[in-house]
Amino acid sequence: MANIQWYPGHMNKARNQLEDKMGLIDVLVEVLDARIPESSRNPMISELVGDKPHLIILNKADLADPVMTKMWQKKLSGKGKVVMALDSLHSTNMQVLIRMIKKAASSKVAKLESKGASNPVIRIALAGVPNCGKSTIINRLVGRNVAAVGNKPGVTKGQTWLKAPYNIQILDTPGILWPKFEDQEVGYKLAALGSIKDSIFSADDVALYLLSKLRKYYLNDVVKFARSTKEEVSKINDTDLLLALTEQYGMRDDYDRFSLYLLQRLRKGKVGRITLDRP
């Protein structure tokens, strides 16, 4: 399997811009993909947040394994960190998120009010890897489509301040990856779930990695997707399974095409509710 690396110049620029604006921000909202909570955590964001109030959202929770999501919520919670699961696409729990933001900023608001400020503005930043759902969350908070949304990385290009109800201002930031994946599994997981452009990696490499993980953790879902039996799916290796699935889905020997199809189905939750990171 080939190494996956992707760190274009605009990501470095976005990181520097976010660092410059941290002094204006009252609460940092870090958006993770609930299916890869560890792999979608940008270590640079942890460095930037410092001692500011820090909310962690496990987004796309409707596509993730619910048992694993509860375990990750417990694991990631800690001093100064509040974690919540969210299905932003279907707008569930948005009022809970607003309450959490206001609670996280309460000490700052109280301090400003003690100095005579009336209804002070709460400034938050949403940050995370590409395609984790930040723009969808922003549109839900603002109440209209102000942030570009797309099922691919790189839709948000620049930083913008947006007004939301409840005296909240939101800094929308482009998705930021980090310069080097020390663990190549992280790269494969990000690629599988759409945080890295499909043109950057070999789809069959990622599909083979994905099949090995799915057979280990979600064999029943693989069996259903393969329209086969446990015995048939279990007895062959990943390469033979990929070739068999390619033929099964009417793509003859075009395994590159099938590999992209598999990744697309996975991203939409059509393979099952899966979580690739295990706490």
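Which side chain makes a polar contact with the side chain of N59? Keep that in mind as you open this predicted model, where local features need pLDDT of at least 70, side-chain atom pairs count only at pLDDT 80 or more, and totals for chains, interfaces and linings use all residues. Residues are numbered from 1 along each chain as its sequence is written, and side-chain values use heavy atoms, leaving out hydrogens and water.

**Stop 1: N59.** Select N59, found in strand β2 (residues 54-59); strands are DSSP E runs of at least two residues and helices H or I runs of at least four, numbered from the N terminus. Its side chain makes a polar contact with that of S88 at 3.0 Å (N or O atoms within 3.5 Å, one able to donate a hydrogen and the other to accept it; residues adjacent in sequence count only if both atoms are side-chain atoms). N59 is buried, with a relative accessible area of 1% (buried is under 20%, with a 1.4 Å probe and protein chains only).

**Stop 2: the sheet.** Now show the open sheet of 6 strands, ordered β3-β2-β1-β4-β6-β5 with mixed pairing (strands pair if DSSP finds at least two bridges between them). Its edge strands are β3 (81-86) and β5 (160-164). β2 and β3 pair in the parallel sense over 6 bridges, and I57 has M84 in β3 as its bridge partner.

**Stop 3: two helices.** Finally, select α8 (residues 203-217) and α11 (residues 238-248), whose axes come within 9 Å and cross at roughly 105 degrees (axes are lines fitted to C-alpha atoms over the stretch in contact, with angles from 0 to 180 degrees between N-to-C directions). That makes α8 roughly perpendicular to α11 (65 to 115 degrees).

How values were computed:
Parallel < 35°, antiparallel > 145°, perpendicular 65-115°, else oblique. Buried < 20%, exposed > 50% of the residue type's maximum accessible area, 1.4 Å probe, protein only.
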